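Good morning, colleagues. Please turn to the sequence and the model on the screen, and we shall go through the contacts one by one.

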Amino acid sequence: MKGFWARFERNRAAVFGFSVLVIVLAVAAVGPFLYPVDPWELAGRPFSPPFGRFPLGTDTLGRDLAAGLVHGARISLMMGLVATAMAVLIGTVVGAIAGYRGGWVDDALMRCTEFFQTIPSFIFAVVLVAIFQPSIESIVAAIAMVSWPTLARLVRGEFIALRHREFVQACVALGMPERSIIFRQVLPNAAGPVIVTGSLMVATAILLESGLSFLGLGDPNLMSWGFMIGSSRTVLRQAWWMSAIPGVAILLTVLAINLVGEGLNDALNPRLPR
Amino acid sequence: MSPRLRYAGRRLLLAVPIVLGMAVFNFLLLHLAPGDAASVLAGEAGGVTPELMSQLRADFGLDRSLPMQLLIYLQHVVSLDLGFSFRHRTSVLSLILTRLPATLLLMGAALALSVLGGVLLGVLAARRVNTWMDNVISVFALLSYATPIFWIGLMFIVLFSIHLGWLPTHGMAVAGAGTTGWAHALDVARHLILPAMTLALFYVALYTRLMRASMLEVYTLDYVQSARAKGLPEGRIAFKHVLRNALLPVVTMVGLQVGHMLGGSVLVETVFGWPGLGRLAFESVFARDLNLLLGLLLFSSVLVVIANLVTDLVYSVLDPRIAVS
């Protein structure tokens, strides 16, 4: 663990990303308590500019933008994390079985993975959410559905590289059940790349979610950053900051996660050339 | 038959089951949608008469068993019948085909811009590795990589259209101008600049990073050493020897990104009111014209399959070892 931190710390960009991420996480966790304003409440005069009575101004209906930003942090991170967790779960199971078993199982699972990879992901997500009506569940499921193939291919590759190693043969000789070999013995050895890719996938998931809610396919009960941009884009000429501010929040969060992901890559796979 | 042609034929055959699979998948989605499949096919348009609904039911055999329905659906798809959009009062396919050129123009421009920009910046960064130039390029790539595409489009509008007044914000041509020939082309080009820049930005970042890494890797190979030993100038080594081989991963990536770019164009076309497939997808979401939306999904999936095929062929031309093996 100490060696891990030392290696992570050497990447200054990753440390910067980590600090930004900690701030966003803190805002998501305690922000709504420290800034207890309902993001849907019509708090004041519409179109108030930032740095007045409201720290970031109000939107077209007079809702407090700062409150929206704080609540949006929670939604964006939560959606990103849950969707990625689901995608990692599906991708790991599919990739592990395909890579370990090989043969026709591998062929079938990989055809399936390639199939899902061919479908244009964002359009697919739009279709899924449109069909099942926008809600947290449908959005998270749609993002997971379009994200898992990358991970399945990665895990499969790792498993193919590992499955003929001696420790696996030893487990087979000991009569260990296949499920334990796959998930208890081989998978931990593939954890590094999975963690790195998974962390980068959170960033992609947040971008996907913001794109969906920008199009009006967000959960109608949740204030999200993409929705804030989408709802104020018609007044760009009068009030550009309404669209600009939530976008900066998305940009910083996604950038921070990407930087942390790269730092993790350097720290977890120190032998890889940069 | 030449090995390349045989290779192309084999790839084409492999694409057939994928396209069929996509049609089956579309059929499943159609049936997963809440409500009666006939009402989905009718685009949930309120004005559809009961007679029309029953005709739709008969057309798609919706009163028969599910496997039978699938067969009928596939028959329709194979004969290029994607159904009828009652909102737009035309067939889905003709609607898609009238919107396709605008999207292809946008994607083509963005593709050219991103490859050109990415290769240029990547080569520049790799030749000046670990200098301030490399760092500036890396920061630019990192930022562009993390930027929501629709947001940067809006910010471009704020800067270039509202503040500077240089470029139009909306559409593909000035409405009602009725220009033709070169004047029209110029008008479209002016409207194209911002959407193409917006769509390209993410890929410029992607290709820059890829190109930089790929150049650095090729630089370590022995044949570059021999070129240096021969006393060739550095610029010649970079462009004649390293660049060509370093381009291969970029070509693969460009092919793989077509589907991703189609998704991006939904957002970009929505922001800029560009009258292409993406804008059509957005409109069909709002009108709840799910059949049109599913038609778009199927069509764009097929586009991706075609793009992958073309990429494979281009790759086999660039790297003949692929087709032979």
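How many residues of chain B are in contact with chain A? Before I reply, please note that what you see is a predicted model. In this model, 38 residues of chain B touch 32 residues of chain A. On the chain B side, the elements that contribute two or more residues are α1, α6 (132–146), α7 (149–163), α11 (258–272), α12 (277–286) and α13 (290–318). The largest share comes from α13(B), with 9 residues. By class, this side of chain B consists of 29 nonpolar and 9 polar residues, with no charged ones.

Let me now turn to the division within chain B. The chain is split into domain 1, residues 3–92, and domain 2, residues 100–318. The C-alpha centres of these two domains of chain B are 32 Å apart. Their contact draws 23 residues from domain 1 of chain B and 17 residues from domain 2 of chain B. On the domain 1 side, α1 (3–32) and α2 (37–41) of chain B each provide at least two residues. The largest share of that side, 13 residues, belongs to α1(B). The domain 1 side contains 15 nonpolar, 4 polar and 4 charged residues.

Which residues in α1(B) are buried? They are Met22(B), Asn26(B), Phe27(B) and Leu29(B). Their cover includes α5 (121–132) of chain A, along with α4 (66–78) and α13 of chain B.

One of those covering helices, α4(B), has 13 residues and reaches 18 Å from its first C-alpha to its last, close to the 18 Å expected at 1.5 Å a residue. After α4(B) comes Leu80(B), which has a positive phi, near 60°.

Finally, I would draw your attention to α11(B) and α12(B). These helices pack at an angle of about 80°, with their axes 7 Å apart. Therefore α11(B) is roughly perpendicular to α12(B). From α11(B), Ser265(B), Val266(B), Val268(B), Glu269(B) and Thr270(B) meet Gly278(B), Arg279(B), Ala281(B) and Phe282(B) of α12(B). The residues of this contact comprise 4 nonpolar, 3 polar and 2 charged.

Technical notes: Residues numbered from 1 in each chain as written. Chains lettered and ligands numbered in written order. Predicted model: local features only at pLDDT ≥ 70, side-chain atom pairs only at ≥ 80, totals over all residues. Domains from an automatic or database assignment. Contact = placed C-beta atoms within 7 Å. Helix = DSSP H or I, 4+ residues; strand = E, 2+ residues; numbered from the N terminus. Nonpolar A, V, L, I, M, F, W, Y, C, P; charged D, E, K, R; others polar. Buried ≥ 20, exposed ≤ 12 C-beta atoms within 10 Å, placed from the backbone. Expected span 1.5 Å × (residues − 1). Axes fitted to C-alpha atoms, helices over the stretch in contact; angles between N-to-C directions. Parallel < 35°, antiparallel > 145°, perpendicular 65-115°, else oblique.
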